[in-house]
Amino acid sequence: MRISGKMAPSILASLSRDAGGVKPRHARLTKIFDPRNGELIDRGIVVYYRSPESYTGEDVVEISSHGNPVIMSAICEGAVFLGARIAEPGEFTKRAFLKGKIDLSQAEAVQELIAARTMLAARAAQRRLEGGLKEAVLRIRSRLLAALVQLEAAVDFPEEELEILSAGGIRELLAGALKDIGGLLDTFRIGRMLAEGAKIAIIGKPNVGKSSILNSFLREERAIVSPRPGTTRDYISEVMHVRGIPIEVIDTAGIREGASDIVETEGVSRSRKIIEGADLVLFVVDGSRELTAEDGVTGAALAGKQFILVVNKKDLGLLVSGESFREAAGYFGSVSVSAKTGEGIDLLEERVYRAILGEEDPASAEVHVGNLRQKEMLEQSAGYLEAAVKGIEQQLSPELVSLEVKDAASSLGGIIGEITTEEVLEGIFSSFCIGK
């Protein structure tokens, strides 16, 4: 349990009945008492971190007791009785940001690190937590500040304005900043995939082997497999990892016209909604039989989504190829597999990975843009810089160009929290757990 604030040492003294206090940054075994009735609650290890050398930048006490929720609750109630209050979600990290211990991109990285579902995602979040994104942003801002110096010189010395603006130095600085921003924006796709994962829908008419494909992916019997059509009445969702990318694989109910009952009809309706929200669709067909009108009904539900044609039942001999789908919007090739024997599943995983990330290596970037807020701030900054470059080309006054550059620098500052509204902070930290 963590207590942060100026009352933390006195609350610890009352809980432990030790007026002498605890030496900062030293672990100590002590008894912990209930201040309401004086009864012993537990024995635990306590550590005191004196301001500003703590996570939050305030006086902080951490109590490690036995993990029984009843014991932890009693200690917490005792602390509240002595004047503490329950922390809000993310409040400790928010206080660390407000005290200048971390910037806003690092604060966001804390939550991303906690929520990471693969080691690759954890490493990406850790690089942001170590200040990688902040360093990249500050490098770009240094270019903008250098350009602003020259623009201000053109304002202060109007007789030399044309010479300063036509020298090309300002434009080169702004173009370099734009290129660096573009490089960061290029990392967002992978950064989002690492943080949030990808969603893949497995679709097809009834009884083509969708559930068997799911089981083959997971290497376990997760979905019920039956030769009877319509066995899967609702979707089944599982998370797997493909080369460090968390992927939610959803086995949907078979799509067909004239479903036999209300339950199946609802399953088909949910399947269509899942397809809409999927990053990639696996369109499964029975390769041992010619395509039918029902396959066409399923294919029509793709609506231009990126998809891989999965020709299943390779072990029975194939009568279907991907040739007839080559011109379809979103087509990303076909893979022939046998869900029964496992043949072709590794190749399908490789194709899935390439469809999601292309040829990019998630580990190649120094730092990834981790969320939509950061992406939007970068896009805003790029927009202002494009206007500034255009202004130079049109020989606008340096005052006007300077305003665009200042707005670009301000947007970059929003990434690391130099200019941030309370509403933005509330949105960021509300998603944290209480303990952070």
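Biologist: What volume does the largest cavity have?

Modeller: This is a predicted model, in which local features need pLDDT of at least 70 and side-chain atom pairs count only at pLDDT 80 or more, while totals for chains, interfaces and linings use all residues. Residues are numbered from 1 along each chain as its sequence is written, and side-chain values use heavy atoms, without hydrogens and water. A search of the whole structure finds one cavity of 30 Å³ or more, a cavity being a set of points on a 1 Å grid over the protein atoms alone where a 1.4 Å probe fits but cannot get out. With points joined across faces, edges and corners, and volume taken as the space filled by probe spheres set on them, the value is about 40 Å³.

Biologist: Which helix gives the most to the lining of the largest cavity?

Modeller: The lining (residues with an atom within 4 Å of a point) consists of E112, A116, A121, A124, A125, R128, G191, L194 and A195. Helices here are DSSP runs of H or I with at least four residues, and strands are runs of E with at least two, numbered from the N terminus. Helix 5 (119-129) and helix 9 (188-196) each supply at least two lining residues, and the one that gives the most, with four, is helix 5.

Biologist: Which peptide bond is cis, with omega near 5°?

Modeller: Most peptide bonds are trans. The loop between strand 3 (40-49) and strand 4 (60-64) holds P52, and the cis bond runs from S51 to P52.

Terms used:
On a 1 Å grid over the protein atoms alone, a cavity is a set of points where a 1.4 Å probe fits but cannot get out, and a pocket is an open set with protein on both sides within 12 Å along at least five of seven lines; lining residues have an atom within 4 Å of a point.
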